[in-house]
Amino acid sequence: MERRQLEYFLAVVEHGGFTAAAIALHVAQPSLSHAIRSLEREFGGRLFHRLPHGVALTAAGEALVRPAQQVLRDLSTAGSSVREVLGLSGGRLDIVSQTTLSVDPLAGMLGRFHHAHPKVSVRVMDPERGPAVAHMVAAGTCELGLVDASVSTADLRGIDLPAQEMHVVLPADHPHPAGDTITSRELAALDLIVTPPGTETRAAVDDLCTALGVAPRIAVETAHRAMIVPLVLSGVGASLLPASMARDAALRGARMLSHRPRLLRHGRLVWRSGPLSPAAQAFVDLARD
């Protein structure tokens, strides 16, 4: 069954005959009659009684009127929805991101995206580990992904994002010498609040300690990132955090130190090969800018 057949059927109903319907639709009457006959063959019975002056609906035709009207309304609604999405006045964007990259830079990027396209709804998923992000994008679960640049994304397209500086946060009364910097050896000597092995911030701590030939002094290991700053503020230990999270901790009373040399983290926005949805393409363009 084709949309055109239903449009022709309803036109015949509205105008009471084939000739008047063909004139209203600006089509040849034989074409209209052929479409109706094809529709009747598909249903296996007549939809109209052919009368000397016009037509009348059969019982089957009466049964088809309302469903045909509903189908055409649904198709019209679907077309409007697609046009809205293509014009970025609607639709949805699915992004998967590692947790710390969701805080920064994704939150800021989404702020700019929402300002430009306020009717596009966004869903963000946040598996803890980078390989899971790459897998979800490759599998098509999410269209875009933010992942640490150290994670293998060989089968995906992508662009590198600006580097993020990592900072150390300490309890306000920590005895670390006054100043706003800390060295690797000083960091390795602190009681640390860390995320589980396999996470990117934990890898940064482990790599730093391995380079010094020491084991990290772990006070608390937690997968609940929302706990980290409260634990720091309560005096449990220090933590290594992305700049935005470190600044938030400082506003709540923690000491924020810059590591020397600087500890930089590089993120990457990735997607599968092939055309992107209009919303995803707009987000990629924003990231490039």
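In which helix does alanine 116 lie? In this predicted model, where local features need pLDDT of at least 70 and side-chain atom pairs count only at pLDDT 80 or more, totals for chains, interfaces and linings use all residues. Residues are numbered from 1 along each chain as its sequence is written, and side-chain values use heavy atoms, with hydrogens and water left out.

Alanine 116 belongs to helix H5, which covers residues 99-116, helices being DSSP runs of H or I with at least four residues and strands runs of E with at least two, numbered from the N terminus. Alanine 116 counts as partly exposed because its relative accessibility is 48%, given that buried means under 20% relative accessible area, exposed over 50% and partly exposed in between (1.4 Å probe, protein chains only). From C-alpha to C-alpha, alanine 116 is 39 Å from proline 67, and the two are 49 residues apart in sequence.

The protein chain as a whole contains 11 helices and 13 strands, and its C-alpha trace spans about 105 × 35 × 30 Å along the principal axes. Its radius of gyration is 31 Å, whereas a compact globule of 289 residues would have a value near 19 Å; the radius is taken over C-alpha atoms, and the globule rule is 2.2 Å times the number of residues to the power 0.38. Of the 289 residues in the protein chain, 44% are buried. Among contacts (heavy atoms within 4.5 Å) between residues at least 6 apart in sequence, 71% join residues at least 24 apart.
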